[in-house]
Amino acid sequence: MRSFGADTRMPTLAIVLDLIRERGAVSRVELADATGLTQATMTHAVRKLMALGFVHEVGTMPTNRGTPRRLLGLRPEACYMVGIQFDLYSAVGVVVDLAGRVVVERRMPAPGEREPETIVAEFAEHVRAMLDDAGLTLPQVLGIGLATYGPQDREAGELVVPLPTPTWVGYPLAATLEAATGLPVVIENDATAAGIGVQTLGGSTSSFAVVFMSGGIGSGVILDGRPYRGVTSNGLELGHISVDATGPPCHCGNRGCLDEVAGPTGVVRSAMADPALAARLGLGADLLTDFLRIARATLDGDAAAAELIAVSTQRLAVATVTLVNLFDVGRVVLAGNAFADIGPVYRDALQEVLDRSVFMRDVHTVQAELAGDVTQAAAIGGAAVVLRNLLESPFAEQRATAVG
């Protein structure tokens with residue numbers, strides 16, 4: 001992994017913390033070797049993490065000669081973060097500790113086409129309930145991370161897309177929830193958040209791609225432990241790559257987008273065009289619910305449903321090969337509510353296409369896998385973004401000084 005120089009804010013502090021989280025107990029020497037940082041820079045970074053109360057010494061490791069190396073470990077209870085992933089069709093909240101462990105999980109009503117004021121008020125109630133369930137007070141919580149669809153203005157904490165209703169455009173989502181809860185709030189793209197969530201639970205130094213599918217299809221890329229963001233963190237929209245120039249129009253302005261032909265939208269549209277299948281599966285609820293019914297029917301051996309899922313898996317796999325060819329990653333992780341039951345089918349189909357079609361397949365393999373919990377990954381990542389934002393800001397210095 002490349003060195004990030006002498007800067008002891010982000011990414012250094014976050015990367016060192018991720019490595020300690022991943023390895024459990026590790027010496028400063030091992031951390032320096034893993035990151036390429038100098039011993040002096042590593043010592044400085046560790047000192048700051050200890051001052052923040054995030055890291056402490058947990059023992060020693062004998063060496064062949066000289067003084068035993070002191071081992072570092074996390075203080076999981078040092079702080080907690082809240083993450084909420086939501087789209088039109090689902091919402092889930094988690095409270096996680098510094099180790100990334102989920103302390104509380106709560107399924108919430110789907111936002112649907114309701115107005116933002118209503119949704120924010122509900123989120124605030126659920127946050128208070130989750131903190132009560134966890135036995136936590138506000139000073140123990142760093143903040144709330146909202147993982148959702150884009151495009152979005154992360155700096156302003158606003159969505160810039162008229163979904164589910166036009167009133168969501170420019171609505172002060174982060175500021176309003178912050179006022180309602182008394183906690184700092186940040187927003188993050190759901191696919192990028194899923195990648196950060198996967199990273200939080202392991203593989204902190206690796207480069208990998210995430211394909212996220214819930215109401216639609218998105219993607220994110222983690223490169224050398226850092227999320228790729230582009231100019232405004234609104235890139236890597238795998239779902240809005242045109243795979244059929246004469247295909248159905250998409251709300252983004254393009255035609256034949258992957259979302260429209262391979263995501264839940266395309267699968268459910270095709271199923272509804274088959275009245276017998278639609279009636280047999282009881283379709284006609286919301287988009288995600290209908291997709292999940294088609295997925296379960298596939299697993300139960302329904303041939304018509306299985307044909308629709310097969311088309312979706314192949315189209316998604318072809319588009320994912322392009323993503324892998326662009327970024328030369330070694331892993332593709334699937335996450336999102338749409339993979340809750342049918343994930344292994346998509347993973348296996350993707351692996352077959354990756355093995356056959358990736359440009360660099362003779363240089364290295366590319367592994368397809370499922371996130372540890374496909375339904376939680378983005379919410380966990382949203383929570384982790386809160387911590388990352390602290391570590392990259394001057395407030396990390398101020399907090400370390402106050403604690404130290």
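Reader: How many aromatic pairs does a search of the whole structure find?

Author: The search turns up five aromatic pairs. Keep in mind that this is a predicted model.

Reader: What makes Phe-86 and Trp-168 an aromatic pair, and why is the pair called tilted?

Author: Good one to start with! Their rings are 6.2 Å apart, centre to centre, and a pair needs centres within 6.5 Å, so the two rings qualify. The planes make an angle of 40 degrees. Stacked would need under 30 degrees and edge-to-face over 60, so this pair is tilted.

Reader: Where in the chain do the two partners sit?

Author: Phe-86 is in strand β4, while Trp-168 is in the loop between β9 and α5. They are 82 residues apart, so the pair links distant parts of the chain.

Reader: How do you know that Phe-86 is buried?

Author: Its relative accessible area is 1%, and buried means under 20%, so Phe-86 counts as buried. Trp-168 is buried too, at 1% relative accessibility. Ring pairs also join Phe-86 and Trp-168 with Phe-123 and Tyr-149 in a cluster.

Reader: Which residues of helix α5 are buried?

Author: In α5, residues 173-181, they are Leu-173, Ala-174, Leu-177 and Thr-181.

Reader: What puts them on the same side of α5?

Author: Around the axis they cover an arc of only 90 degrees, so they share one side of the helix. The elements they pack against include β4 and α4.

Conventions
Residues numbered from 1 in each chain as written. Predicted model: local features only at pLDDT ≥ 70, side-chain atom pairs only at ≥ 80, totals over all residues. Heavy atoms only, no water. Buried < 20%, exposed > 50% of the residue type's maximum accessible area, 1.4 Å probe, protein only. Helix = DSSP H or I, 4+ residues; strand = E, 2+ residues; numbered from the N terminus. Arc of directions from axis to C-beta. Contact = heavy atoms within 4.5 Å. Phe/Tyr/Trp six-rings, centres within 6.5 Å; stacked < 30°, edge-to-face > 60°.
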